[in-house]
Amino acid sequence: MKRQRTETEARERRERQRIERAERAERRSVSSETCLSPVRQNAQTNADDNKDIISSLPESLLTHILSFLPIKDSVSTSILSSRWRPLWALVPVLNLNQVALVKRYFEEKNFKFADIVSRIWTLRNAISNPIPPLHKLCIHWYCNCLPFYVDTCLRATNMRDLRELDLHLLTSPHQPMELPRTLYFSTSLVVLKLSFAIHLNPPSAFVFPCLRILLLNCVTFANRNSLSTILNACPVLLDLTLHVDEEYLKNLNEFNVIVLVATLKRLHFRWNVQPSSKYIFKINTPALEYFHFSGYLNGDDVLENLPNVVESIIQIEDCDLINDYAKRVWDFMGKLCNVISMELSTITAQILCHGSKYEDRLTFHYLSSLKFCGSIWFEWYAWHAVQLLLCQAPKLQTLIIDHSFLLGSNLNKPNPFLEEPLDVPECMSSHLTTCLYRGFGGYEIEMELVRQILKAARVLQTMKITVCSIPKLKNRPRFHKELSKFHRSSQNCQIAFDEGYFA
């Protein structure tokens, strides 16, 4: 009896000790968890529970993340789990690019782009009323485009929710795709980009109340006023890119580009049309701040009311068919009187140089940055054009010369026009502080041009020269040595040759 009582007491003692140890361990665990930050506590809990953090996110957040991935990567997430299987079809952005999909991803399976478009669209349409709805649709079809598939996609798209549409289609120029009528009555479109095999035949009365960005690149139009009808239907348009090519106007005897948009801030206008009386343009945009023009000028073209343009790129092509073409170019430039930053192609500069005899040339009183861009011929009066424009910009502070090629057979012979006496422009006496020369090849014509600038610029602080890849590395020390010997009117001028400075 006594023995049994002793054994019972021993068991009870051991049980009390076990319970005490367990309680002490629990108190230590609670204390250590209290010291952890909430983020680490959650991470530790999820790790303990072996839980997938990403998959636990809301569906709307997951589809938003997938919208930043290429479509092929977005589709590939469907194999992760049943949770992920339908998510790619709910992504509000659909980017179907033939180059990205066919050549890189489906090439091994020998899928045609038409099959890919059809299959993806079928899977998306299998989900009724997806949330969020499709906000952006981009189809870039560069080879063997079948307009029927694109038209089917557009007609199946809910235009009430679509915010951005980007179509780049290449087919036979005689088989363009006409946009569905419902597109013209979209009240949600903010961005519309249309390129090449697309035919625009807008209704007489419609409106894009939210459209802010419009790009029309080599599309065809139903009649001479189709473009004007579209622009008049964009009351809040801010950015317009327009590329008109004569090849796509052959179905029209006359065509007018009339840009009268009071809200427009940026205009990229490429006019690849030979001067002709049946094709003209007229631009009147009082709020415009950025203007990029490339192409030819016609005798009847009109550019007016651009008081707020502060940045411009002008690339006018030369034409011998119009008398006093240089004067027309000067008149065209005269509408940019308040510009602060300007880029000119070397061809445009050459045309302006030919018209230097006109006494009513414009003075750019506010121009502070001027850039010449393009190829330079030996026969071109490089310094004459530079000097002429500098004389018209009395407050110029930055001069940039950026060319890709030097053309001609006498590049290493002195240019007689560079040896003529120099009239120092006002800006070089008191304002020009920075000169950048990009694509320097070390030819004699370039050396002389740099020498003239260093000689004339009295307050120049930096002359930065970037060497093109054509000269051999062994010739660069020679450039360095010759340039360092040039006379500098500014005592504070430093020459930055590539990445090395020398005083």
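## Close-up views of a predicted model

**Overview. The secondary structure of this protein comes to 14 helices and 24 strands.** Please keep in mind throughout that the model is predicted. Of the 503 residues in the protein, buried ones make up 44%. Among contacts with a separation of 6 or more, 68% join residues 24 or more positions apart.

**View 1. Here is the largest nonpolar core, a set of 128 residues.** Leu167, Phe269 and Phe291 have the most contacts inside this core. Take Phe291 as a guide: beyond its neighbours within four places in sequence, its contacts include Leu267, Phe269, Ile283 and Leu303. The list also takes in Val309, Ile313, Ile314, Phe332 and Leu336. Glu311 and Ser312 are in contact with Phe291 as well.

**View 2. Leu200 sits in strand 6, which spans residues 198-200.** Leu200 counts as buried because its relative accessibility is 1%, below the 20% cut-off. With neighbours up to four places away in sequence set aside, Leu200 is in contact with Leu179, Tyr184, Leu194 and Leu216, among others. Further along the chain, its partners include Val219, Thr220, Phe221, Ala222, Ser226 and Ile230. For a sense of distance, look at Leu227: it is 27 residues from Leu200 in sequence, while their C-alpha atoms are 8.2 Å apart.

**View 3. Asp151 is part of helix 7, residues 147-156.** Not counting residues up to four places away in sequence, Asp151 touches Met177, Glu178 and Pro180.

**View 4. Cys218 and Asn305 each have a positive phi without being glycine.** For Cys218, phi is near 55°. This residue belongs to the loop between strand 7 and strand 8 (220-221), and Cys218 is buried, with a relative accessible area of 4%. Asn305 has a phi of about 55°. Its place is the loop that joins strand 14 (302-304) to strand 15 (311-316). With a relative accessible area of 39%, Asn305 is partly exposed.

**View 5. The second largest pocket has a volume of about 320 Å³.** Its lining has 14 residues, of which Pro130, Pro133, Leu134, Ala156 and Asn158 are the closest to the pocket's centre. Which element gives the largest share of this lining? Helix 6 (residues 113-125) does, with three residues. By type, the lining of the second largest pocket divides into seven nonpolar, four polar and three charged residues.

View 6. The mean pLDDT of the protein is 81, and 81% of its residues reach 70 or more. Over residues 105-109, pLDDT stays under 50, and the model has six contacts beyond four places in sequence for this stretch. Residues 407-411 also have pLDDT below 50, with 11 contacts beyond near neighbours in sequence. A friendly caution applies here: where pLDDT is low, the predicted coordinates should not be read in detail.

Note on methods:
Residues numbered from 1 in each chain as written. Predicted model: local features only at pLDDT ≥ 70, side-chain atom pairs only at ≥ 80, totals over all residues. Heavy atoms only, no water. Core = buried A, V, L, I, M, F, W, Y, C linked by side-chain atoms within 4.5 Å. Buried < 20%, exposed > 50% of the residue type's maximum accessible area, 1.4 Å probe, protein only. Contact = heavy atoms within 4.5 Å. 1 Å grid on protein atoms, 1.4 Å probe; cavity = no way out; pocket = protein on both sides within 12 Å on 5 of 7 lines; lining within 4 Å. Points joined across faces, edges and corners; volume = space filled by probe spheres on them. Helix = DSSP H or I, 4+ residues; strand = E, 2+ residues; numbered from the N terminus. Nonpolar A, V, L, I, M, F, W, Y, C, P; charged D, E, K, R; others polar. pLDDT = per-residue confidence, 0-100.
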